[in-house]
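Please keep the coordinates at hand while reading.

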Amino acid sequence: MSAKATDQDTERLIKETAMQIFFAEGRFNATTQEIADAAGVNRTLINYYFRSRDKLFERVFEEAHKHEHELMEQIFYSGLPFKEKIARHLDVSFEQSQKYPYLEIYMVTQVNQGCNLKDHENMGELLKDFYREIAAEMEKGTIEKMRPEQFALNFISLMSFPVSMRPLLQETMGFSNEEFDTLLAERKDIIMRTLFKQ
């Protein structure tokens, strides 16, 4: 294995470990030493690859947001009928929330702390196309007439609220991880029936 491949493997290991700590375990204040220990590397390697703890956090945030945006683009430009796109997006979102239950909380936290979303313009184009499809579905009568932005908010709220509020909901409602995963699995059908008339 070349030195370059080893470098890339080590860098990827550090990023994946950081993602696990932040998004799967919800330890947003983890130190570089804790990340290094979990990755089984020397702490100086984090500084070597990322320069600082903040740069590592920034990179992980950017990559998580980029990955989420790419998934959305794949689904919404897939050529599937609109209802199937919504169903597929729910599948992907709930699958991701099982792997990384703290991802949405982390992303909201980072935006609140001033991290910029670098593909904001691309998201704007995707949303315009999404709104056009929503308007077309309203004309067909498959969904209630409203501002397309309101439909988008309903969709996002129904999908994201139980995911982003998971730790609090589990604690207050007394659900185990398995029980809450079952609730999320049941939500897809409930959301589809809520959003669509037929």
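In what kind of contact do the side chains of Lys-66 and Glu-70 meet? They meet in a salt bridge, with 3.9 Å from N to O, where the term stands for a side-chain nitrogen of Lys or Arg within 4 Å of a carboxyl oxygen of Asp or Glu. The model is a predicted one, in which local features need pLDDT of at least 70 and side-chain atom pairs count only at pLDDT 80 or more, while totals for chains, interfaces and linings use all residues. Residues are numbered from 1 along each chain as its sequence is written, and side-chain values use heavy atoms, with hydrogens and water left out.

**Salt bridges**

Lys-66 and Glu-70 both belong to helix 4 and stand 4 residues apart, about one turn of the helix; helices here are DSSP runs (H or I, at least four residues), numbered from the N terminus. Lys-66 is partly exposed at a relative accessible area of 49%, and Glu-70 is partly exposed at 35%, on a scale where buried means under 20% relative accessible area, exposed over 50% and partly exposed in between (1.4 Å probe, protein chains only).

The whole structure holds 16 salt bridges. One of them joins Arg-59 to Glu-11, with the closest N and O atoms 2.4 Å apart. This pair links distant parts of the chain, since Arg-59 sits in helix 4 (residues 53-76) and Glu-11 in helix 1 (residues 3-24), 48 residues apart. Arg-59 counts as partly exposed at 28% relative accessibility, whereas Glu-11 counts as buried at 19%. Both residues also take part in a network of salt bridges that links Glu-11, Lys-15, Arg-59 and Glu-63.

Another salt bridge brings together the side chains of Glu-133 and Lys-85, at 2.7 Å from N to O. Here too distant parts of the chain are linked, with Glu-133 in helix 7 and Lys-85 in helix 5 (residues 82-99), 48 residues apart. Glu-133 is partly exposed, with a relative accessible area of 23%, while Lys-85 counts as buried at 5% relative accessibility.

**Cavity and pockets**

On a 1 Å grid over the protein atoms alone, a cavity is a set of points where a 1.4 Å probe fits but cannot get out, a pocket is an open set with protein on both sides within 12 Å along at least five of seven lines, and lining residues have an atom within 4 Å of a point. A volume is the space filled by probe spheres set on the points, which are joined across faces, edges and corners. In the class counts below, Ala, Val, Leu, Ile, Met, Phe, Trp, Tyr, Cys and Pro are nonpolar, Asp, Glu, Lys and Arg are charged, and the others, Gly among them, are polar.

| Space | Volume | Lining by class |
|---|---|---|
| Largest cavity | about 30 Å³ | 4 nonpolar, no polar, 2 charged residues |
| Largest pocket | about 950 Å³ | 23 nonpolar, 9 polar, 4 charged residues |
| Second largest pocket | about 210 Å³ | 7 nonpolar, 2 polar, 3 charged residues |

The largest cavity is lined by Phe-76, Tyr-77, Leu-126, Asp-129, Phe-130 and Glu-133, and helix 7 (residues 120-140) gives the largest share of this lining, 4 residues.

Helix 8 gives the largest share of its lining, 9 residues.

The lining of the second largest pocket includes Met-19, Glu-63, His-67 and Lys-99, and the elements that give two or more residues to this lining are helix 1, helix 4 and helix 5.
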